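Dear colleague,

Here is the structure that I promised to pass on to you. Please open it beside this message, and then read the notes below it with the model in view.

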Amino acid sequence: MKRYALVFSGQGSERVGMFNDLLKEPNVLEQVLEELKSHLGMDIYSAVTTRDSAVVAANNQILLSVFHYLKAKLIVEKIGHEPAICMGHSFGQFSALANSGAISFVEMAGFLGERMRIINDPSIDIRASFKSIHGMTLDAFEGFRQAEGLCGNVELALHNQKEQIVCAATKNGQDRLGELAGKYGYVLKDINVSRPYHTVFMEEYNRMLLPYIDRLGFSRPLCPVLLNHYKAATVDEDVLREEAKIQMIKPVFWYDGVINAAESVDVFVVIDPSETQLKIIRRITDKKVHNVSNMNAVKMIEKKGL
């Protein structure tokens, strides 16, 4: 029996039409939508069926969580046994918590509704934007920040690949990163994410979110959950709660997390409407990776196994 990691994609992987195949098998989807409506007063049917990318973007967190939940239920049922590890990239860590049983899906959906409301609060200034640095290791990045006096203006957000850093930068920081690219030989790219997640620039949002995390009913999960920041898998609900409290303000060490997970699993099964995580994980490990974006992928695993 192969041990597998169940992986959930992060914000930005949502797509218009990602529920098309589930709409053809409406009973499963309708049941979940009805639960959200009856328990939380959350009616997202129009967002699920829309062809408007702006509507999808405005509801991306709850839509991703529903997509992750439904596809994970189907794939675990077809595989026939629970994953050895649940893990989620950035926002996907919330789906890992819900699908591992650490938090009920409906309770997590209610929390995400509050999280979206806080994140979209227009009264909070957005002080930084995401930039991706290609061609620099994590160790080199820390030395680079110190040497060039960038601390406070450029902050680590995610370490996704051995030589790829996602950082949040103020306007001054962005200008300096552009000026220094030639000197250090890296390629600088924009990342279209609405907020500078996983950095100190999110402190104000995080303070507003903490009371809602305190109310979440954490339980011992069915399988270990890999932590984005601490890079280890755990079933300790107190540790999982503490990680949730810093999720918005501490960096994601995804590269190390995938390497650590690969030591204890044979296969990665990625629940992702896009193929972003498939590509990222394949660059980190030579373990087999399945990308589940539609029902065809589910049926293929059912037919051929892991």
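Glu 302 and Lys 78 meet through their side chains in a salt bridge, with 3.6 Å from N to O; the term stands for a side-chain nitrogen of Lys or Arg within 4 Å of a carboxyl oxygen of Asp or Glu. Because Glu 302 belongs to helix H14 (residues 295-304) and Lys 78 to helix H5 (residues 60-79), this pair ties together parts that are 224 residues apart in sequence. Helices here are DSSP runs of H or I with at least four residues, numbered from the N terminus. Glu 302 is partly exposed at 46% relative accessibility, and Lys 78 is also partly exposed, at 30%, where partly exposed lies between buried (under 20% relative accessible area) and exposed (over 50%), computed with a 1.4 Å probe on protein chains only.

Before going further, please note that this is a predicted model, in which local features need pLDDT of at least 70 and side-chain atom pairs count only at pLDDT 80 or more, while totals for chains, interfaces and linings use all residues. Residues are numbered from 1 along each chain as its sequence is written, and side-chain values use heavy atoms, with hydrogens and water left out.

How many salt bridges does the rule give? The count comes to 14. Among them is the pair of Arg 117 and Glu 114, whose closest N and O atoms are 2.9 Å apart; both residues lie in helix H7 (residues 105-119), three residues apart, about one turn of the helix. Arg 117 is partly exposed at 47%, as is Glu 114 at 27%.

Arg 176 forms a salt bridge with Glu 179, with 3.2 Å between the closest N and O atoms, and these two are also three residues apart, in helix H9 (residues 171-184), about one helical turn. Arg 176 is partly exposed at 28%, whereas Glu 179 is exposed at 55%.

Turning to the cysteines, the count of disulfides, meaning pairs of cysteine sulfur atoms within 2.5 Å, comes to zero.
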